[in-house]
Amino acid sequence: MGNVKAKRGIPFLGKICAGLVCATVIMNIAGDSTLQMKAAGASSIADLEQQAQKIREENEAREQQIASLDVDINKNEDAMDLVNDQIDGVNNEISTYSELITKKQEDIDQKLIDISSVEKTIVSKETEIENKKVKIGELQEENTRNLEKFGKLARYMYMNNASSQLPVLNGSDDWYEYFVYSDVVKNIAGQNYEFMKSLQESIKKQEDMISDLNDEIDKLQAEKEELEKQKSDYESEAASLADEKSNLENYANEKRNYLYNLAAENEQLQDKISGLEEDIADANAELDAVNSQIEEMIRQAQLAAQQEAQEGGNEYVDYSGDGLRWPVDPQYHWISTYFGYDAWRGGMHRGIDIGDGALAGQNIYAAQSGTVISVVNYCPHNYAKNYSCGCGGGYGNYIVVDHGGGLSTLYAHCQAIYVYEGQQVNKGDVIGAVGTTGWSTGYHLHFEVSENGVAVNPFNYVSYE
């Protein structure tokens, strides 16, 4: 079933439709007592047909859901791969920022060491200045004391020589003592001068040292300020890096949460798919049971046909051992779908699909002589479609021929049917025209062979040579 080249996604169609056709076959055997047979779980063959149709539609809906969920899962997995790449990239950035922060902290620590060293040097310089100031104070005190001594001497000389040009020293009244006295005064004055000069030079030296120390301290203070500025800059840079790192860590955490949610969503989607697959499996088990019932009804129908022929005095001929011919002209032998499990449908394909658009309207031949036991000829939907129009259980217009010995053939999607139920046909008779009725995406012939109602590979009986 389906178009020869363009069929897509009709899961379990062959498997389901076969059951529907078999059901219809039985329904169309007019006057046969098997029409009144009851199937387990169904009140009539019509109920079975509706049940199978419903199962097919539900399974198709589930398959579409699964396909949609698979798309969602694939999108999520692609997103997860992308997010994983983003997280890896962000982690690399975080590592880089961590290294930068560590380096900045090392710079800050070094600046703290440098600042501490400068501060110690400043304290040392300030201590040295204080020591110099103490020394200058001592020199100034000594100088003051010396000046006081010299001043007392000068005052004494002045006071004792106020009325005379001749100085008297300790009661002396001769010139010798005068000269001695004068010399002593001169020596004392000279020594005091030299001593005071030396003191002044020491004071000047100490003051120059203090000035130099103050200059050094000013430089150290400037160096300290620069170091503190650099330290502050490093701390600002480190804080900025820490903020960037924190932002990246938050971003990475958001992505990890997003990744977790995607994984959780995928798990939920997978659970839904598993549930749908279980539903499909259950539905298929139910459908298998329905098909088994229908296969049994086919066998009963064939037996009834045989009995009817005998009761009517007609010979029931078994043609099953004579082999089958190719059901269309031999030049049309391209197979779009073979018998067996069909991954595209997700289930069993009970026949073979022959031909493509070139087969439109071409003859359909009876593969073997026999009796037409079922005809469905009411489907007006002879056009390509990727859905079931509801006719013939998805087969559209179709024919079933019983060849005796439990062998039967089915010809589906017919554009026209030229035979009727109960008609005897010969091998090679034209019984219909190729169409695209029912669930069919293009012109082709769906051809089935059944043994006692059970579909088998048509190539066990026929070839297109």
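**Close-up 1. Salt bridge between Asp 233 and Lys 229.** Asp 233 pairs with Lys 229 in a salt bridge (a side-chain nitrogen of Lys or Arg within 4 Å of a carboxyl oxygen of Asp or Glu), with 3.2 Å between the closest N and O atoms. The model is predicted: local features need pLDDT of at least 70, side-chain atom pairs count only at pLDDT 80 or more, and totals for chains, interfaces and linings use all residues. Residues are numbered from 1 along each chain as its sequence is written, and side-chain values use heavy atoms, with hydrogens and water left out. Both residues lie in helix H3, four residues apart, about one turn of the helix; helices (H or I, at least four residues) and strands (E, at least two) are DSSP runs numbered from the N terminus. Asp 233 is partly exposed at 33% relative accessibility, and Lys 229 is partly exposed at 47% (buried is under 20% relative accessible area, exposed over 50%, partly exposed in between; 1.4 Å probe, protein chains only).

**Close-up 2. Salt bridge between Glu 448 and Arg 350.** The closest N and O atoms of Glu 448 and Arg 350 are 4.0 Å apart. This pair links distant parts of the chain, 98 residues apart: Glu 448 is in strand E12 (residues 445-451), and Arg 350 is in the loop between strand E3 (347-349) and strand E4 (352-354). Both residues are buried.

**Close-up 3. Salt bridge between Glu 58 and Arg 62.** In this pair the closest N and O atoms are 3.8 Å apart. Glu 58 is partly exposed, at 30% relative accessible area, whereas Arg 62 is buried at 16%.
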